[in-house]
Amino acid sequence: MTSAIEVRGLTRRFGDFTAVDAITVDVGEGEVFGFLGANGAGKTTAIKMLIGLLEPTAGSARVAGFDILTRSEDVRRNIGYMSQRFSLYDDLTVRENITLYGGIYGLTDAEIRDRGDEMLDALGLHGVRKSRVGTLPLGWKQKLAFSVALVHRPKVVFLDEPTGGVDPVTRRQFWEMIYAAAARGTTVFATTHYMDEAEYCDRLSIMVDGRIAALGTPQALKAQFDSPSIDEVFVRLARPSAAGAA
Amino acid sequence: MTGAGTDRSPVIVEGLGKSFGDVVALRDVSFAVKPGELFGLLGPDGGGKTTLFRILTTLLVPDAGRATVLGRDVVRDLWAIRRRVGYMPGRFSLYPDLSVEENLAFFASVFGTTIKKGYELIAPIYRQIEPFKTRRAGALSGGMKQKLALSCALVHRPELLLLDEPTTGVDAVSRREFWDLLGDLRAAGLTIVVSTPYMDEADRCERVALVQKGRILAIDEPGAIGKRFPRDLYAVHGLPRHALIGALRAFPHQASVQPFGDTLHYSDVRVGYPSQRIVDELLAWLGARGITDVWVRRIQPGIEDAFMALMGEEAA
């Protein structure tokens, strides 16, 4: 399996605080990778470096085959990104958002039109294509945001808590979209606070204080930490004292 | 289930309705919270939970129905209610440019009290952030902000605590710790109403209301809500997962197939059909499709199973 993401000793310090401490990991093409950690463990800082928004203090990484230091433009052209906080423009319509992002990613007008139609078909959103995104239910919005993040057919897509606050049915539909994208060869790099979703990933890493404290398939991690669930593994790693008391 | 509570119920809601333009935020919502109860409102964003809290804290006026908080009407007696209720809104509501201690002192002074007078109640929580009391609130980590917000909601020693999604976006470990704190406050005699989108937090409540699209789907003890699931439920485990989902959905008698952690939950339209035969038929069906490394076993439905089934009924 070739690597879609190769991270080597990636480090970021802010003053004397080390937010990301020499992390090394490979993520394969078409893999669904869960990037877990407590708030403040360094996940967001690491993702910012991988998508070319923040320079590392030390170490290196290649994303979609491009070095994040020397080829950050190419990195950004070959990745998709969505988060709960930043995804679509509420004041634009569904169609306008698709057109806007298609344009930003350099698609032709014909590509934007064809892929936009495909997307509306797949999501069943033709009926609301002229509605402002802000008026849609959160679940629809997040599914649309994911499709838009894939409009330029990126090799890698980064998802930062994509399902926060979404109802349990839509949450599952969202993960089915993730599987379908992975089956087409897209690499998915996702964070979540839902520990049942962590079980849906091919492999996981759990960050603690800037380091990757555990890495493996959900099954392997549960075996390694002798825990019935990823939730339990997470608690043991992130707060050893809490696990002891529980 | 009706909303009729006893006179002592700290929160009574009857037939509550609220719309914003064409959007119906709450429709005919009724429930009553018992004294000293930890009551959960469970459901996704956009379900109406925040609107409900804003009505209970007298910040919004309902279009229909009525609500009383600590025996007072939310529309007529708003000032009496505000003094006796602690409210932690969903969005971070503190002053980012004030220090930890200044925020707390401010909230105390608004309610005509001091940190010292309220200290006993907030101590178990505030002690964890006190070492950082000179830090700007805006510079705190997510977990510490949450503890400061809770301290500010408690400093005037309210009788009722209303918490709107205090654990949203918070990691799994900090969420557990926060629920431990709520358990302690409840043990100290406080009545607590708390909302959350995380179904796995329901077990921390004495009773929960499942809220979806402005309606209450069910109210019960967390352990009893699974019984609302209308069919027998089976866990199916096997790989590859995508193929397994497809094969189960194609089974002629399937009623629902939902991913749950590392398994799938399957229910069958043939209610009352012998379990062992369903298991055997599923194994044969999957085996014929090349999925052989698989197990199937009957399980008890949980809250999330029930929630999804009730959501489906509501939509139908």
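The model is predicted, and local features are reported only at pLDDT of at least 70 and side-chain atom pairs only at pLDDT 80 or more, whereas totals for chains, interfaces and linings use all residues. Residues are numbered from 1 along each chain as its sequence is written, and chains are lettered from A and ligands numbered from 1 in the order in which they are written.

Chain A contains an open sheet of four strands in the order β2-β1-β4-β5, paired in the antiparallel sense; helices (H or I, at least four residues) and strands (E, at least two) are DSSP runs numbered from the N terminus, and two strands pair if DSSP finds at least two bridges between them. The edges of this sheet are β2 and β5 (66–67) of chain A, each with a single partner strand, so one side of each is left without a neighbour in the sheet. Strand β1 (residues 3–14) of chain A is joined to β2 (residues 17–28) of chain A by eight antiparallel bridges, with I5(A) opposite V27(A). These two strands, β1(A) and β2(A), form a hairpin with two residues between them, and G15(A) in the turn has a positive phi of about 60 degrees. Five bridges also link β1(A) in the antiparallel sense to strand β4 (residues 58–63) of chain A, where R8(A) stands opposite S60(A).

Helix α1 (residues 43–50) of chain A lies across β1, β2 and β4 of chain A and runs at about 120 degrees to β1(A); axes are lines fitted to C-alpha atoms, for helices over the stretch in contact, and angles run from 0 to 180 degrees between N-to-C directions. Elsewhere in chain A, helices α3 (residues 94–104) and α4 (residues 109–123) pack at an angle of about 135 degrees with their axes 10 Å apart. That angle makes α3(A) oblique to α4(A), where angles under 35 degrees count as roughly parallel, over 145 as roughly antiparallel, 65 to 115 as roughly perpendicular and the rest as oblique. Residues R95(A), I98(A), T99(A), G102(A) and G103(A) of α3(A) meet E111(A), I112(A), R115(A), G116(A) and M119(A) of α4(A), contact requiring C-beta atoms, placed from the backbone, within 7 Å. This contact of α3(A) with α4(A) has three nonpolar, four polar and three charged residues; Ala, Val, Leu, Ile, Met, Phe, Trp, Tyr, Cys and Pro count as nonpolar, Asp, Glu, Lys and Arg as charged, and the others, Gly among them, as polar.

In chain B, the axes of helices α4 (residues 115–129) and α5 (residues 142–154) come within 9 Å and cross at roughly 170 degrees, and α4(B) and α5(B) are therefore roughly antiparallel to each other. Among the residues making this contact are L121(B) and I125(B) of α4(B) and L148(B) and S151(B) of α5(B), and the contact as a whole divides into nine nonpolar, three polar and one charged. Helix α1 (residues 49–56) of chain B is mostly covered, with seven of its eight residues buried, a residue being buried if 20 or more other C-beta atoms, placed from the backbone, lie within 10 Å of its own. The residue T58(B), which follows α1(B), has a positive phi near 70 degrees.

Between the chains, 28 residues of chain B are in contact with 28 residues of chain A. On the chain B side, α6(B) gives the most, with five residues, and this side has 11 nonpolar, 11 polar and six charged residues.

Terms used. Two residues are in contact if their C-beta atoms, placed from the backbone, lie within 7 Å. A residue is buried if 20 or more other C-beta atoms lie within 10 Å of its own, exposed if 12 or fewer, and partly exposed in between; C-beta atoms are placed from the backbone.
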